[in-house]
Amino acid sequence: MTRTPQNNRQRFDLVIFDCDGVLVDSEVISCRAHAETLTRHGYAITEQQVLERFLGVSDREARLIVEAELGLKLPEDFEAQVKQAALQRYPSGLGNIPHVSAAIAAIGVPKCVASSGTPEKIRHGLACAGLHDALAPHIFSATQVERGKPAPDLFLFAAERMQASPERCVVIEDSVAGITGALAAGMTVLGFHGGSHCLPGHAGKLRAAGAAATFDDMRQLPGLVAAGAGAGWPPGR
């Protein structure tokens, strides 16, 4: 049970959302596009293997891993090929995360997006989900920093741009890589496992990675963020 806060001061000054799998139900599409593009270039891999190996990892970091294993360079426009393959599937295949719009509106502190995707992909996904106007212009991409997730760079960049101290930021993530990066940035992390890509046991993986709490229904999020105001954080732990 959550204890009564000892004071009225919010613990968190900023909520940082991942995009794919948290704001938009797009991870299945992204993994399929990534797998098909890699396979076409000689790196045979399934959609499920991409999900298990590269969920939450920036395109650049995933590329470096694959190139090291192949012992050769992928085409210069590889990331663009993956992006286009995913965007082509968005109109018919992109799913909504239930109740996410209401959850965003109910959170009374500043919010932003910090995603491994390219700016175009992030904007397109948020627009398709009807969330772009609620979060713009505070949308940050791994292309803006030297190292993507699981490094802390993107989260620290977002906090700096939003003028928030890392220790007073809470990150909403669906991947171990994202949780690793957010913790390295000195932030609190909540693990979301309500996307269609999340299989049984995913919540346990997020907790093992360091999530302070996990949830699978966006209606829970405003209460979880508010509960961080006092000594009872994290609730139920």
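In which helix is E79 found? E79 lies in helix α4, which spans residues 78-93. The model described here is predicted.

- The side chains of E79 and R63 are joined by a polar contact of 2.7 Å.
- Leaving aside residues up to four places away in sequence, E79 touches D59, R60 and R63.

**α4 against α6**
- Helix α4 packs with helix α6 (residues 119-128) at an angle of about 10°, and their axes are 11 Å apart.
- Angles under 35 degrees count as roughly parallel, and α4 and α6 are therefore roughly parallel to each other.
- On the α4 side, K83, Q84, A86, L87 and Y90 take part, meeting E120, K121, H124 and G125 of α6.
- By type, the residues of this α4 and α6 contact are three nonpolar, three polar and three charged.

**α9 against α10**
- Helix α9 (residues 176-184) and helix α10 (residues 202-209) pack with their axes 9 Å apart, at an angle of about 20°.
- That angle makes α9 roughly parallel to α10.
- The crossing of α9 past α10 is right-handed.
- V176, I179 and L183 of α9 make the contact with K205, L206 and A209 of α10.
- The residues of the α9 and α10 contact comprise five nonpolar, no polar and one charged.

Notes. Residues are numbered from 1 along each chain as its sequence is written. This is a predicted model: local features need pLDDT of at least 70, side-chain atom pairs count only at pLDDT 80 or more; totals for chains, interfaces and linings use all residues. Side-chain values use heavy atoms; hydrogens and water are left out. Axes are lines fitted to C-alpha atoms, for helices over the stretch in contact, and angles run from 0 to 180 degrees between N-to-C directions. Helices (H or I, at least four residues) and strands (E, at least two) are DSSP runs, numbered from the N terminus. Angles under 35 degrees count as roughly parallel, over 145 as roughly antiparallel, 65 to 115 as roughly perpendicular and the rest as oblique. A crossing is left-handed if the near helix is turned anticlockwise from the far one by less than a right angle, and right-handed if clockwise. Contact means heavy atoms within 4.5 Å. Ala, Val, Leu, Ile, Met, Phe, Trp, Tyr, Cys and Pro count as nonpolar, Asp, Glu, Lys and Arg as charged, and the others, Gly among them, as polar. A polar contact is a pair of N or O atoms within 3.5 Å; within protein, one must be able to donate a hydrogen and the other to accept it, and residues adjacent in sequence count only if both atoms are side-chain atoms.
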